[in-house]
Amino acid sequence: MTIDRSRIEEENQIRLSWHESDLAHAVDVVDRSGVDAEAVIVEVARFSAAAPSWAVGTGGTRFGRFPGGGEPRDTFEKVDDIAMLNALTGANRTVSLHVPWDDPGLGAGAAALRRHAEELGIGFDAMNSNTFQDNPSTTDDRTVSYKFGSLANVDDGARRAAVEHNRYVIELGVELGSRALTVWLADGMNHPGQASFRGQFERVLAGLGEIYAHVPDDWEMYTEHKPYEPAFYSSVNNDWGTSLLLAQGTGDRVKCLVDLGHHLPNTNIEQVVSRLAMVGRLGGFHFNDSKYGDDDLTVGSITPFQLFLIVGELLEAGGGQMPAAAYMIDESHNLKDPLEDLIQATDALQVALAQALCVNRTDLADAQRANDPARAAEVLHRGFRTDVRPLVAEARRRNGAALEPLATFRAVGYRAAVTAARGADSVATGL
Ligand code: LRH
Ligand code: MN
């Protein structure tokens, strides 16, 4: 499914005069606050967040799944959809694959997928292994099951299968041009006494060490913490502290991945980000939003101020720019069109970045040095309350993307076209 970029340009032309007057006003407002609006546009245009291959289809829960039609039937069509997304946002230049949900196979399969993606200008971000489901393709030993865990399992067969699966995902990633592996483990307990906390931790640490031995020198490996689900009494890698212990205990190029939905209510996630960045172990993000648990809702749709503060900590860590890290979206699209949800998620990230860039950091530091919390709040809120949408739209326009991506997605009729091509009942692999 090719993207007719002229259609996007046509839709931009309709909006250009409004955009230019809105932009002139926004630039004036921001420049008057002592922040360089042009630098904000340039930094937003530089930003990109990987799209999750497991979320370009409809997501669901144990209570049901309601596919919307025209879902990608294989990884090639997923890359097509992500190329469409990127054509509209200019900020989803890579895809993060999940194996075996998206496994083209080594050799010719991987080469063909890489060629297809390169033709569409899409790269491969961190690879995700899957040792939380018994996948016939990931272990040829039918006696092995991850029911009682993978790396943490007392069963040697399960641990060896998990290491071997991650070794395979790395080899596939090398062929695709990826440069990182994310290891999220469902391992834990449902019942007190079911296992030894220390025993599970030590087996995971040993297993990560075996996997790290297969990680190429120019790669990074990420440990992703999560307090619960599917384990409902304890998860082995339950919080940032444990994730940091695992990363520091495994190797220099092992860092922590922060999934926003993987924190207990009221956790100060921006402080977690500050800590991990401070010790040089902040590897990446899975951006989403949540009201209760790991809801995987649209980025910035429930707690936009928290997202703004998190991005603020990233700019602090990066000296006023976004530090190098694996920025990825991890959502589950149960009700909205998956691409429309990803468009809104990416826009929310671009808006939060622009707002955080509109904070006059010199004034904020002055207020902090003066122990003047009211002044500090004024400076912070001025950034958060600035209408940055024209700056974000301009950053997209400069990347050859859409001023209004969701309206343009609907105007070009992509969903109808792929539904006609793929069928109303095509179902994508993934969550
Ligand atoms: C676990 C998680 C992890 C992925 C999965 C799809 O909740 O966030 O990052 O492997 O979702
Ligand atoms: Mn995640």
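Tutor: Leu431 is placed in the segment after helix H15 (414-422). The model is predicted.

Student: Why is Leu431 called partly exposed?

Tutor: Leu431 has a relative accessibility of 42%. Buried means under 20% and exposed means over 50%, so the value for Leu431 counts as partly exposed.

Student: Which residues does Leu431 touch, leaving out those up to four places away in sequence?

Tutor: Leu431 touches Trp54, Thr58, Gly59, Gly60, Arg65, Trp101 and Asp296. A contact needs heavy atoms within 4.5 Å.

Student: What makes the arrangement around the manganese ion (ligand 2) octahedral?

Tutor: Six donor atoms surround the manganese ion (ligand 2), and they subtend angles of 72 to 171 degrees. Six donors count as octahedral if opposite ones are over 155 degrees apart and all others lie between 65 and 115. The arrangement is therefore octahedral.

Student: How do you know which protein atoms are donors of the manganese ion (ligand 2)?

Tutor: The cut-off is 2.8 Å from the metal. Glu224 (OE), Asp259 (OD), His286 (ND1) and Asp330 (OD) lie 2.1 to 2.2 Å from the manganese ion (ligand 2). These are its protein donors. Their spacing in sequence is E-x34-D-x26-H-x43-D. Glu224 belongs to strand E9 (residues 220-224) and His286 to strand E12 (residues 282-287), so this pair ties together parts 62 residues apart in sequence.

Student: Are Glu224 and His286 buried or exposed?

Tutor: The limit for buried is under 20%. Glu224, with a relative accessible area of 4%, is buried. His286, at 1%, is buried as well.

Student: Which residues have the most contacts inside the largest nonpolar core?

Tutor: They are Met127, Leu181, Met221, Phe285 and Leu391, in a core of 105 residues. Helix H10 (residues 338-357) gives the most to this core, 12 residues. Another core, of seven residues, lies apart from it and includes Ala50, Ala180, Leu257 and Met328.

Student: What makes the span of helix H5 close to the expected one?

Tutor: Helix H5 (residues 156-176) has 21 residues and reaches 30 Å from its first C-alpha to its last. At 1.5 Å a residue the expected span is 30 Å, and the helix is close to that. Just after H5, Gly177 takes a positive phi of about 90 degrees.

Notes. Residues numbered from 1 in each chain as written. Chains lettered and ligands numbered in written order. Predicted model: local features only at pLDDT ≥ 70, side-chain atom pairs only at ≥ 80, totals over all residues. Heavy atoms only, no water. Core = buried A, V, L, I, M, F, W, Y, C linked by side-chain atoms within 4.5 Å. Buried < 20%, exposed > 50% of the residue type's maximum accessible area, 1.4 Å probe, protein only. Helix = DSSP H or I, 4+ residues; strand = E, 2+ residues; numbered from the N terminus. Expected span 1.5 Å × (residues − 1). Donors = N, O, S within 2.8 Å, 3.2 Å for Na, K, Ca; no water. Tetrahedral: all angles 85-135°; square planar, octahedral: opposite > 155°, others 65-115°.
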